[in-house]
Amino acid sequence: MADLSLYRNIGIFAHVDAGKTTTTERILKLTGKIHKTGEVHDGAATTDFMEQEQERGITIQSAATTCFWKDHRLNIIDTPGHVDFTVEVYRSLKVLDGGVGVFCGSGGVEPQSETNWRYANESEVARIIFVNKLDRLGADFYKVVAQVKKVLGANPLVMTLPIGTEDDFVGVVDVLTKQAYVWDDSGLPENYEVKDVPADMVDDVNKYHEQLIETAVEQDDDLMMAYMEGEEPSVDDIKRCIREGTRKLDFFPTYCGSAFKNKGVQLVLDAVVDYLPNPTEVDPQPLTDEEGNETGEVATVSVDEPLRALAFKIMDDRFGALTFIRIYSGKLEKGMTVLNSFTGKTERIGRMVEMHADDRNEISRAQAGDILAVVGMKNVQTGHTLCDPDHPCTLEPMVFPDPVISIAVTPKDKGGSEKMGIALGKMIAEDPSFQVESDEESGDTILKGMGELHLDIKVDILKRTYGVELNVGKPQVAYRETITQAIEDSYTHKKQSGGSGQYGKIDYRIRPNEPGTGFTFESTVVGGNVPKEFFPAIEKGFKLMMDEGPLAGFPMLDVHVELYDGAYHAVDSSAIAFEIAAKGAYRQTMPKAGPQLIEPIMKVDVFTPEDHVGDVIGDLNRRRGMIKDQEPNNTGVRIKADVPLAEMFGYIGHLRTMTSGRGQFSMEFSHYLPCPNQVAEEVIAAEKAKKEAKK
């Protein structure tokens, strides 16, 4: 059996354009996995294999590949940086043991870096930091390290220092060993010399070396005492301490270099092997029951345990559906039967493949710690647990964000409907943050996603990959409704039509809930006026009605319902009678509880050259934006603001015009806030007009 201590499951993640895919290319070249490096800007990167990725020079879906470095097996996932594809990062982090956070030397800690860092913290993934692009104009390693502390609240442990800046960047100094690695101008990663530290850097290197050792020995009390008594610890002892601190997320070893110029990547690979945990060193995944509550058991990473694996990604390609699986424990062999604990059905394992971007090598067996793909699984979706049929279990499921934007689409020709239906089915399985609904009245298909680019790419995939030409409507905002007043009310449902009738009386209070808490229900009935067995039916009745608010039919958010009294009939009362009573109560009371339209507010992060700051801020104010922060840096100013999504459509075009093409922005959903009256009236009127037109 393979030795799990030689495994590293790692992800590479960062803000868009920080150089993740280029870093992955360099790693594959250094480990001998590819012989010619492809460049992102030429559309030739190995892990960017979709047409849309090659054209736009961005990564859209995470790609998996396996390579070897110093006898260690590295399973690497290159993830997208663009905010609309955050779900890819989230689900990759869920199955990884370690990560490499790549930051741009001039851009520093950018908005998407913050989101990805937050996800990695939530998933408790150990990370090393690689400050890339130090050959670029305005690059400043020390400034990025300061930003990591300030913006991310993280503790970077500086392991290398840059020799030279911008065009004069030639190599790095290893702070631990006090050796300088200097590359020549050939651009080949293997053409470097190990030299003494440059004279003008000796003081800096000594200072950081001391900081490094002081931070590391805090992990071991005996070493710390010896160090305080003047005894210098050995390099192996320090490495052991750094590994321990990295695993516990106490600090993050920080490296620098230029992936594009092939400088400094070897040291990052060494750090992956030296400091990131192997599968057995990570806290095991908790097991949950069917409701998603933790059972107290965990999936211990061991080959000898029963099989437990998580399907974390579905991908459809020319060979059929591929299900990406991370095995936590046990073994998986060709021909085995496994149980999908979500559906309760068993599946037979057919072909198993080890992925290298979109190439594959067939394998016949895999074990705990492996990341692989299985061809042709029928009913498995992202987040499903695969396990031994004799030992059923459920791994902690994945939770995905709700879409905030939708567009209506119709196929241009009649034959396109069936093709579109099949294609959408596959696309939903691949991307859980993408949802599809059909509008029964208009016959339109509604695509819902995380942003304009997300839906733009989906329409492009439908057209190119599946040959479905679409008419696309204007983007629509996912408005919601809530209430502003607490109300006490009573409702009786009575029906008599010969034989046994229906009867249910409920007395209830409805009040606004804390923002973000959704719908909650409680019962404070005493004395058995409403028997306990009817509570679920009453809750169900209210819950079903929450999908349609009283103002314009948008789903209701943040409502609390308390059932405090009522009455029942020994013969005529039933669960269905109380469910109908709850629905009637909703229709009766909601319009009286001060209903209010609320809209999605986006966290917007704009980068602009200094001479256009006034224009950009003025424009954001006109879009009802609230400016939160301004951060000047060497190349321009970052402006952070909260802006309603409704005002942000087509923003990139305006921004480029205002900044002569030099501005950039990213945005992600933040929270819901009440709409101003004028906007609410327009939206409600438009929804009513739509409904009238359909009649």
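**From values to words**

Analyst: Of the 695 residues in the chain, buried residues make up 55%. Please keep in mind that this is a predicted model. The chain holds 16 helices and 38 strands, and among its contacts between residues at least 6 apart in sequence, 71% join residues at least 24 apart.

User: Why is Val205 called buried?

Analyst: A residue counts as buried when its relative accessible area is under 20%. Val205 has a relative accessible area of 2%, and therefore it is buried. Val205 is found in helix α6, which covers residues 202–217, and, leaving aside residues up to four places away in sequence, Val205 touches Leu161, Val173, Val175, Lys178 and Val197.

User: What makes Ile627 partly exposed?

Analyst: The words "partly exposed" cover the range between the cut-off for buried, under 20%, and the cut-off for exposed, over 50%. With a relative accessible area of 29%, Ile627 falls in that range and is therefore partly exposed. Ile627 belongs to strand β36, residues 626–633. Its C-alpha atom is separated by 4.3 Å from that of Ala641, although Ile627 and Ala641 are 14 residues apart along the chain. When residues up to four places away in sequence are not counted, Ile627 touches Ile617, Leu620, Asn621, Ile639, Lys640 and Ala641.

User: What do the backbone angles of Leu249 and Asn262 show, and is each of these residues buried or partly exposed?

Analyst: Leu249 has a positive phi of about 65° although it is not a glycine, and Asn262, also not a glycine, has a positive phi of about 65°. Leu249 lies in the loop between α8 (235–247) and β11, and because its relative accessibility is 25%, it counts as partly exposed. Asn262 is placed in the loop between β11 and α9 (265–275), and because its relative accessible area is 9%, Asn262 is buried.

User: How do you know how α14 and α15 are oriented towards each other?

Analyst: The axes of helix α14 (residues 613–622) and helix α15 (residues 651–658) come within 10 Å and cross at roughly 150°. An angle over 145 degrees counts as roughly antiparallel, and therefore α14 and α15 are roughly antiparallel to each other. Their crossing is right-handed. In this contact, Asp615, Val616, Asp619 and Leu620 of α14 meet Tyr651, Leu655 and Met658 of α15, and these residues divide into 5 nonpolar, no polar and 2 charged.

User: What angle do α6 and α8 make, and which classes of residue are in their contact?

Analyst: α6 and α8 pack at an angle of about 65°, and their axes are 8 Å apart. The crossing in which α6 passes α8 is left-handed. On the side of α6 the contact is made by Leu212, Ile213, Ala216 and Val217, and on the side of α8 by Ile238, Cys241 and Ile242. By class, this contact has 7 nonpolar, no polar and no charged residues.

User: Why is the pair of Trp117 and Phe252 called edge-to-face?

Analyst: A pair of aromatic rings is described by the distance of the centres and the angle of the planes. A search of the whole structure finds 10 aromatic pairs. In one of them, the ring centres of Trp117 and Phe252 are 4.9 Å apart and the planes stand at 65°; centres within 6.5 Å make a pair and an angle over 60 degrees counts as edge-to-face, so this pair is edge-to-face. The pair links distant parts of the chain, with Trp117 in helix α4 (residues 111–122) and Phe252 in strand β11 (residues 252–256), 135 residues apart. Both Trp117 and Phe252 are buried, and together with Phe103 they form one aromatic cluster.

User: What makes the pair of Tyr479 and Phe554 tilted?

Analyst: The rings of Tyr479 and Phe554 lie 5.7 Å centre to centre with 50° between the planes. Tyr479 sits in the loop between β29 (476–477) and β30 (480–483), and Phe554 in the loop between α12 (535–545) and β34 (559–567), 75 residues apart. Tyr479 and Phe554 are both buried.

Key:
Residues numbered from 1 in each chain as written. Predicted model: local features only at pLDDT ≥ 70, side-chain atom pairs only at ≥ 80, totals over all residues. Heavy atoms only, no water. Axes fitted to C-alpha atoms, helices over the stretch in contact; angles between N-to-C directions. Helix = DSSP H or I, 4+ residues; strand = E, 2+ residues; numbered from the N terminus. Parallel < 35°, antiparallel > 145°, perpendicular 65-115°, else oblique. Left-handed = near helix turned anticlockwise from the far one by under 90°. Contact = heavy atoms within 4.5 Å. Nonpolar A, V, L, I, M, F, W, Y, C, P; charged D, E, K, R; others polar. Phe/Tyr/Trp six-rings, centres within 6.5 Å; stacked < 30°, edge-to-face > 60°. Buried < 20%, exposed > 50% of the residue type's maximum accessible area, 1.4 Å probe, protein only.
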